[in-house]
Amino acid sequence: MRVALTGTPGTGKTTASERLPYPTLHLNDAVREHDLWTEEDTDRDSLVVDVDALAAWVDDHVEAGETVVLESHLAHLLDADRVVVLRCRPDVLESRLRERGESDAKAAENSESEALDVVLSESVQRHGEERVYEIDTTERTPEDVAAEIEAVVDGDREPSAGTVDFTDYLHP
């Protein structure tokens, strides 16, 4: 089973994935290490990922029948059996991103993206509501988040797309 662990940068994907008992492919590392990108976006200080090349790389590195977690803010763009979207209240997300050294502009852009449900919307559009699971990480420990992800993988949690709502962040 392929489980896409996705969410806006800063929601806790990498931290939670480190606590999971499943093999995890950190896709952002693979993009950099294997040149799976097409150009540099200097305005955003990021790489433009070649999603087709990344998908092919994943296909080459996942054994048939293996349960694997695909971790990245882009993981939902790949084939997956289940998609876990980590969410975080936008003001907390913005603080997390600034604390880890992101620019004010990048932190603000990502917090707005979170408020607008961008990753969730893309996940539902590509995979359907029946395969998307939201987890709000705002006030949860990484261990609690990992336990929720395990429940998704084990089939002990129902799909939950659309249960987290941060629109009040846009219009307080």
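Trainee: Which residues does Gly10 touch, not counting residues up to four places away in sequence?

Mentor: Bearing in mind that this is a predicted model, Gly10 touches Leu93, Arg96, Leu97 and Arg100 once residues up to four places away in sequence are not counted.

Trainee: And where is Gly10 found?

Mentor: Gly10 is found in the loop between strand S1, residues 2–7, and helix H1, residues 13–17, and Gly12 lies in the loop between S1 and H1 as well.

Trainee: Is Gly10 buried or exposed?

Mentor: Gly10 counts as buried because its relative accessibility is 12%, which is under the 20% cut-off. Gly12, at 24% relative accessibility, counts as partly exposed, and leaving aside its neighbours within four places in sequence, Gly12 is in contact with Leu86 and Arg96.

Trainee: What does the UniProt "binding site" annotation cover?

Mentor: According to the UniProt record, which is an unreviewed entry, the annotation covers Gly10, Gly12, Lys13, Thr14, Thr15 and Arg100. From this set, Gly10, Gly12, Lys13, Thr14, Thr15 and Arg100 are taken in by the lining of the largest pocket.

Trainee: Changing topic, what is the strand order in the open sheet?

Mentor: The order of the five strands is S2-S5-S1-S6-S7, with parallel pairing. Strand S2 (24–26) and strand S7 (132–136) stand at the edges with a single partner strand each, so one side of each is left without a neighbour in the sheet. From one strand to the next, the twist averages 20°.

Trainee: Over how many bridges do S2 and S5 pair?

Mentor: S2 and strand S5, residues 68–71, pair in the parallel sense over three bridges, and His26 stands opposite Glu71 in S5.

Note on methods: Residues numbered from 1 in each chain as written. Predicted model: local features only at pLDDT ≥ 70, side-chain atom pairs only at ≥ 80, totals over all residues. Heavy atoms only, no water. UniProt positions renumbered as here; feature names shortened; annotations may be inferred. 1 Å grid on protein atoms, 1.4 Å probe; cavity = no way out; pocket = protein on both sides within 12 Å on 5 of 7 lines; lining within 4 Å. Helix = DSSP H or I, 4+ residues; strand = E, 2+ residues; numbered from the N terminus. Buried < 20%, exposed > 50% of the residue type's maximum accessible area, 1.4 Å probe, protein only. Contact = heavy atoms within 4.5 Å. Pairing = 2+ DSSP bridges. Axes fitted to C-alpha atoms, helices over the stretch in contact; angles between N-to-C directions.
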